[in-house]
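Please keep the sequence and the three-dimensional view at hand while reading.

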Amino acid sequence: MAVAKPYNVGNTPPQLIWTVVRGDTASFRVYTTDDLKHPLNIPDWTIKMEIRRGGSEGTVILTLTPIQDPDDKVGEFTVSLEAAQSQILQSGDVFDIQLSDPTRVWTVAQGSMNIIEDVTR
């Protein structure tokens with residue numbers, strides 16, 4: 001009797017740890033491609049990001065709207081935090097970044113915050 005082999009489909013989003021000094025501005029760039037490895041046309045997508053405390057079902061601490069900065073190339077966008085926003089974050093807060101268009105929703109990254117206490121005030 002033949003035993004069926006399981007097949008894995010789908011991908012786990014990249015898992016990030018975003019380290020930020022409390023009270024600092026911070027940003028990072030995300031590069032996205034389609035299944036054929038062609039850069040996405042970012043203006044065709046809506047980008048959302050939530051940072052939550054207490055896990056994925058916890059309280060929303062911040063909602064960010066990453067954008068394609070003038071310095072970003074095709075397929076890239078930038079996630080940014082203002083100094084006041086980083087003040088309220090804690091290590092262990094979690095986030096994800098989603099792209100959507102009229103027919104799809106795609107989580108391109110998930111992660112957690114590592115907040116370092118500021119020394120200079």
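In which sense do strand 3 and strand 6 pair, and over how many bridges? The structure is a predicted model. In it, strand 3 (residues 46-53) and strand 6 (residues 94-100) run in the antiparallel sense and are joined over 7 bridges.

- An open sheet is formed by 5 strands in the order 1-7-6-3-4, with mixed pairing.
- At the edges stand strand 1 (15-21) and strand 4 (59-64), each of which pairs on one side only.
- From one strand to the next, the twist averages 30°.
- Within the pairing of strands 3 and 6, Lys48 is found opposite Gln98 of strand 6.

**The nonpolar core**

- In soluble globular proteins, nonpolar side chains tend to be buried together.
- Here the largest nonpolar core comprises 24 residues, and Trp18, Phe77, Val79, Ile97 and Met113 have the most contacts inside it.
- Two or more residues each come from strand 1, strand 2 (26-31), strand 3, strand 4, strand 5 (76-81), strand 6 and strand 7 (105-116).
- The most is given by strand 7, which supplies 4 residues.
- Apart from neighbours within four places in sequence, the contacts of Val79 include Trp18, Phe28, Met49, Leu64 and Ile97.

**The aromatic rings**

- The structure contains 3 aromatic pairs.
- The pair of Trp18 and Phe28 is edge-to-face because the ring planes stand at 80°, above the cut-off of 60 degrees; the ring centres are 4.8 Å apart.
- This pair links distant parts of the chain, since Trp18 belongs to strand 1 and Phe28 to strand 2, 10 residues apart.
- Trp18 also forms an edge-to-face pair with Phe95, at 6.2 Å centre to centre and 80° between the planes.
- Because Trp18 lies in strand 1 and Phe95 in strand 6, the second pair ties together parts that are 77 residues apart in sequence.
- Trp18 counts as buried at 7% relative accessibility, and Phe95 counts as buried at 5%.
- Through their ring pairs, Trp18, Phe28 and Phe95 are linked into a cluster.

**A buried serine**

- A polar atom of the Ser86 side chain lies 2.9 Å from the backbone nitrogen of Gly23.
- Not counting residues up to four places away in sequence, Ser86 touches Val20, Val21, Arg22, Gly23, Asp24 and Leu81.

Conventions:
Residues are numbered from 1 along each chain as its sequence is written. This is a predicted model: local features need pLDDT of at least 70, side-chain atom pairs count only at pLDDT 80 or more; totals for chains, interfaces and linings use all residues. Side-chain values use heavy atoms; hydrogens and water are left out. Two strands pair if DSSP finds at least two bridges between them. Axes are lines fitted to C-alpha atoms, for helices over the stretch in contact, and angles run from 0 to 180 degrees between N-to-C directions. A polar contact is a pair of N or O atoms within 3.5 Å; within protein, one must be able to donate a hydrogen and the other to accept it, and residues adjacent in sequence count only if both atoms are side-chain atoms. Contact means heavy atoms within 4.5 Å. A nonpolar core is a set of buried Ala, Val, Leu, Ile, Met, Phe, Trp, Tyr and Cys residues joined through side-chain atoms within 4.5 Å. Buried means under 20% relative accessible area, exposed over 50%, partly exposed in between (1.4 Å probe, protein chains only). Rings of Phe, Tyr and Trp (its six-membered ring) pair if their centres lie within 6.5 Å; planes under 30 degrees apart count as stacked, over 60 as edge-to-face and the rest as tilted.
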